[in-house]
Amino acid sequence: MCRLAAITSSKYFSPMENILALETMKEGHDGSGLGLTLKDLGGEFREFKEYPILSCICSRKGREVLDAYMDEIGFKLLHRWKPKIKPVKGIVARDYYFAGVYEYPDEWKDRTFKEKEELLLNTRIALRKMGEKDESIFAFSFYPDVITLKEVGDPLEIGEFFGLDKDILKAKIIFAQGRQNTNYQIYLYACHPFFIQGYCTMTNGENTAFVPIREFLMSRGLKGYIGYNSDSEVFAHILHYCQRQLEFPLFYYKDIITPLKNGEIEGRKDKEALILIKQALRPLCIDGPNMVIGFTPDGTCFMVQDSKKLRPGVVGGVNGKYALMSELCGLDKVIPNRDRSKDIFPMKYDMVIVSPEAKEVKVWNQLQG
Amino acid sequence: MEPVAGLKLDYNHKLTIKEYPYIIRWREDRCKRCGQCTAICPNGAIIPAVKYMRVIESTGDTPKPRPVRRVIHVIEQVNNMENYCTGCAMCSAVCPNNAIEPEFNPNSKFLFYKNHGGEGYKRGGRRNDPGISTLDRIKFTRISMLTDPALDAGRHEFRVRTYLGRILPPEELPLKVQDGILTIDKSSGKFIPPVREIFPIMIGSMSIGALSPHMWEGLAMGVAYLNEIEGIPVVMCSGEGGFAPRLLKSRYIKYFILQIASGYFGWDSIIHSLPQMKEDPAAIEIKYGQGAKPGDGGLLMAPKVIKLIAEIRGVPKYVDLPSPPTHQTKYSIEEAVMKMIQSMSMAFGFRVPVYPKISGTRTAKAVLNNLARNPYAAALCIDGEDGGTGAAYNVSLDKMGHPIASNIRECYLDLVKQGKQNELPLIAAGGIGKKGNLAANAAALIMLGASAVAIGKYIMQATADCLGDENNRCNLCNTGKCPRGITTQDPKLYRRLDPDKVAERVVEVFKAADVELRKIFAPMGRSTELPIGMSDGLSIDDKAMAERLEISYAC
């Protein structure tokens, strides 16, 4: 089972906290990869909050292609962060890992943020397509105040490999996933977390309804709904579709992926709308076994379960720092000094929502609405 | 040389029994000459005969075999193409001594001769193809075990339901956020099409008229029981030929789909009943084609048009009732589909889903795309070549039409390309449960992209012991002489059928199918929604079929 460690805090912290939580939850073999998504960045990125950051892995040739393309579009490089790679046995280092901060092309500077988001998405996809065949470019995210790191190997060793234990890379929200998979042919684009235009999720478990969901998303006519090297990528795109495209409040994400039964809908104030949503979004219903942790552009973090709660998950912490973990020992590692009686183990109808800056935690119950 | 008077030298125009599709095996030693077999034979294929024969007898205190000549009574197969043995085996059913049975003759030359009078062979039933259908070759191969635990068909909650009706695309839902929750935006004036939640297996269109009163009543009672007592929302289509007037005005009408076809039979009484109807029907089906006889109209033979049927259909008694092959008042797909859907929707106040049914065809996608653009089209039913009928030319049944599996698949994938796979439900029919694998065939079609399936022959076999099979057994539905009383209007025949027993079997069939569908979906990790289009769960043992259906090949 994959291990998930999400931490949201009012203060900047190091991704090593997440990685150590993953290490605590480790059970058996775990060399299939680590994915990290950092939001609301501190350290050297604090002064670049408004500028998009491109998170990439490139070959020598890929970097040249990437630089030329970015130049052609008109993006100007303001700053480039490169992890201090420390050779670690078992991890094959690629040529370039970096996060580049760019200034928008001149003609885009006065556009709305929504328009800029489209430019960023299109650019990321174009780069992905350019380097997908020969694996010369992996572009994970291109968005303001967000960095994504991914590599195949043991999470702790990858942390050392990237020098995260020494680097000053910090953020207020960090998602980390360690893949525990017996499939050795891990592809970097299959590593969680998945990010699209400010929305991010990571998941454990397999998605048995993957194909109909993928087909539905891919037929929405949105450029960003591609990839799907992992059956869990759809969870990020459903969130994006629900909130950004349909403009539904966050908790309808739960109603879409695990719709209530007809009798249960009767108890909800919004029952008329729910019936329409249940019908219209039927292909996005998941059957699990999944636990999904996600964040939205405003910094809200959440955890939801499949409709039978077939995977574990816990949320706990103190005011100003909460952790959303797949297992309790991970939470103990990150926030040992907390009131454990207030730990939340979301059940099948629950959606645990942690507000931005980790100010408060709410449990939204699907039956009550 | 002149022939001798009284003797016939030329037997060229007399067939041998070996030319017939079934040969009667009669055992003289077991037969007590009760005559039940000859009385019940629906086609007059066997007759009692008297023969003067030489037999060997051994009698007396010291028996010694000796030949004697005597008059004996035998059961004889008729050597006449009009009275061919259909293989129905009703003779075996009534024989007290197991003395008689028909035997299938794979070497028969039946079709060489069954066109006397210059008329092609007409029959009822199904396509005569005893081979294994594509649906029966499909296996469910994506099994959840450890990485994604299997569900428990007996204990977990399952929702084996589907939607019948046009579903709005999510982007067009008339919703607005008010006080933090979504509400219907009534000011938008957006039409929200009617949608029914039904069990994904429905009873396909079979008319009052084609079916006997007992059969139809049994099916209807079973459907009502399933809905009201078992909570399984099974719907049934009326077929073309109107509807029982009292039932039209009852609350049970909501479990039935009313069909309108090219003859418009029965619609006069339906339209006149509208003001008195307490409930709306489940849906309206507009029949443009039928899988068993694509491009051909319906036909109710004169002997079946008894008083009740004539009243419901508004026609004189005992006249042939042919429906034209196409709707005669229409001249284009826009006319035929769009205007009829609009008219029928309007007649029921836009509260009832209206959808067309077509026969499986390579041009199905053209119809589909027309419907996809029509916001009032509620679904598309495609009836594959393995569908059944009460009457058709043998050539239509056997050789016309398109298999359902690839037809549904290509239509579904076409909808996927347009992003409308959830908006326009596809209903698959024709050959589901052909070999008895009802749930497996239904699940395979659903995972290929159908939202629901419709069955006809399966329900007749399972609930009323229909005798037909793919070796042209019985298939007398067109003659009105159905020996089981299923497709006849002759009271002497249909009183053999107990409608209560039919209803009981309908309930049993659907309860069992419900359990079996769970037994398929549970190990594949699906329970909350029907796995429509979950093609990664399917495999087939033929590479070409796998490629055509865009599923995996497994052997």
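**Exercise 1. Which elements do the buried residues of α6(A) pack against?**

Step 1. Start with the setting. This is a predicted model, in which local features need pLDDT of at least 70, side-chain atom pairs count only at pLDDT 80 or more, and totals for chains, interfaces and linings use all residues. Residues are numbered from 1 along each chain as its sequence is written, while chains are lettered from A and ligands numbered from 1 in the order in which they are written.

Step 2. Helices (H or I, at least four residues) and strands (E, at least two) are DSSP runs, numbered from the N terminus. A residue is buried if 20 or more other C-beta atoms lie within 10 Å of its own, exposed if 12 or fewer, and partly exposed in between; C-beta atoms are placed from the backbone. Contact means that the C-beta atoms of two residues, placed from the backbone, lie within 7 Å.

Step 3. List the buried residues of α6(A). They are A:E233, A:V234, A:F235, A:A236, A:H237, A:I238, A:L239, A:H240, A:Y241, A:C242 and A:Q243.

Step 4. Find their partners. These residues pack against β9, β10, α5, α7 (252-257) and β11 of chain A.

Step 5. Conclude. Of the 13 residues of α6(A), 11 are buried, so the helix is largely enclosed by the rest of the structure.

**Exercise 2. What is the strand order of the open sheet in chain A, and which strands stand at its edges?**

Step 1. Define pairing. Two strands pair if DSSP finds at least two bridges between them.

Step 2. Read the order. Six strands run β9-β10-β11-β12-β15-β16 (chain A), and the pairing is antiparallel.

Step 3. Go to the edges. β9 (194-196) and β16 (361-365) of chain A each have a single partner strand, so one side of each is left without a neighbour in the sheet.

Step 4. Axes here are lines fitted to C-alpha atoms, for helices over the stretch in contact, and angles run from 0 to 180 degrees between N-to-C directions.

Step 5. Look at one pair. Strand β15 (residues 350-354) of chain A is joined to β16(A) by five bridges. In one of them, A:V354 has A:V361 of β16(A) as its partner.

Step 6. Place the helix. α6 (residues 233-245) of chain A lies across β9, β10 (199-204) and β11 (291-295) of chain A, at about 145° to β10(A).

**Exercise 3. Where do A:D40 and A:E247 lie, and is each buried or exposed?**

Step 1. Note the backbone. A:D40 is not a glycine, yet its phi is positive, about 60°. A:E247 is not a glycine either, and has a positive phi of about 60°.

Step 2. Locate them. A:D40 sits in strand β2 (residues 34-41) of chain A. A:E247 belongs to the loop between α6 and α7 of chain A.

Step 3. Count neighbours. A:D40 has 22 C-beta neighbours inside 10 Å and counts as buried. A:E247 has 12 other C-beta atoms within 10 Å, so this residue is exposed.

**Exercise 4. Describe the side of chain A that touches chain B.**

Step 1. Count. In chain A, 34 residues are in contact with 38 residues of chain B.

Step 2. Find the suppliers. α5 (210-218) and α9 (271-280) of chain A each give at least two residues to this side. The largest share, five residues, comes from α9(A).

Step 3. Sort by type. There are 16 nonpolar, eight polar and 10 charged residues. Ala, Val, Leu, Ile, Met, Phe, Trp, Tyr, Cys and Pro count as nonpolar, Asp, Glu, Lys and Arg as charged, and the others, Gly among them, as polar.
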